[in-house]
Amino acid sequence: MESIVEFYKKLPKKKCQSCGQVIEEKADCYGNICDECDHPAR
Ligand SMILES: [Zn+2]
């Protein structure tokens with residue numbers, strides 16, 4: 001039986017829909033944009 005961690009490791013890396021930068025593993029609440037594009041101050 002595979003762990004949930006192994007399942008997520010096999011997922012393709014996300015890319016920011018705004019700048020195309022690969023998004024590091026993080027909570028899904030950020031959606032499909034990177035920290036730079038998701039910065040609240042912008
Ligand atoms: Zn971005």
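Me: Is Cys34 buried or exposed?
Reply: This is a predicted model, in which local features need pLDDT of at least 70 and side-chain atom pairs count only at pLDDT 80 or more, while totals for chains, interfaces and linings use all residues. Residues are numbered from 1 along each chain as its sequence is written. A residue is buried if 20 or more other C-beta atoms, placed from the backbone, lie within 10 Å of its own, exposed if 12 or fewer, and partly exposed in between. Because Cys34 has 21 C-beta neighbours inside 10 Å, Cys34 counts as buried.

Me: Which residues does Cys34 touch, not counting those up to four places away in sequence?
Reply: Cys34 has its place in the loop between E2 and H2, where helices (H or I, at least four residues) and strands (E, at least two) are DSSP runs numbered from the N terminus. Contact requires that the C-beta atoms of two residues, placed from the backbone, lie within 7 Å. With residues up to four places away set aside, the contacts of Cys34 are Cys16, Cys19, Gln21 and Ile23.

Me: How many Å separate the C-alpha atoms of Cys34 and Gln17?
Reply: Gln17 belongs to the loop between strand E1 (14-15) and strand E2 (22-23), and Gln17 is exposed because it has 12 C-beta neighbours inside 10 Å. Along the sequence, Gln17 and Cys34 are 17 residues apart, whereas from C-alpha to C-alpha their separation in space is 8.2 Å.

Me: Is Asp35 buried or exposed?
Reply: Asp35 lies in helix H2, and its C-alpha atom is separated by 9.0 Å from that of Cys16, 19 residues apart along the chain. Since 12 other C-beta atoms lie within 10 Å, Asp35 is exposed.

Me: What is the C-alpha to C-alpha distance between Asp38 and Ser18?
Reply: Asp38 is found in helix H2 (residues 35-38), and Asp38 is partly exposed because 15 other C-beta atoms lie within 10 Å. Asp38 and Ser18 are 20 residues apart in sequence, and their C-alpha atoms are apart in space by 9.4 Å.

Me: Which element of the chain has the highest mean pLDDT?
Reply: The chain has a mean pLDDT of 78, with 79% of its residues reaching 70 or more, where pLDDT is the predictor's confidence in each residue, from 0 to 100. Where pLDDT is low, the predicted coordinates should not be read in detail. Among the elements, helix H1 (residues 4-9) has the lowest mean pLDDT, 81, and the highest, 86, belongs to E1.
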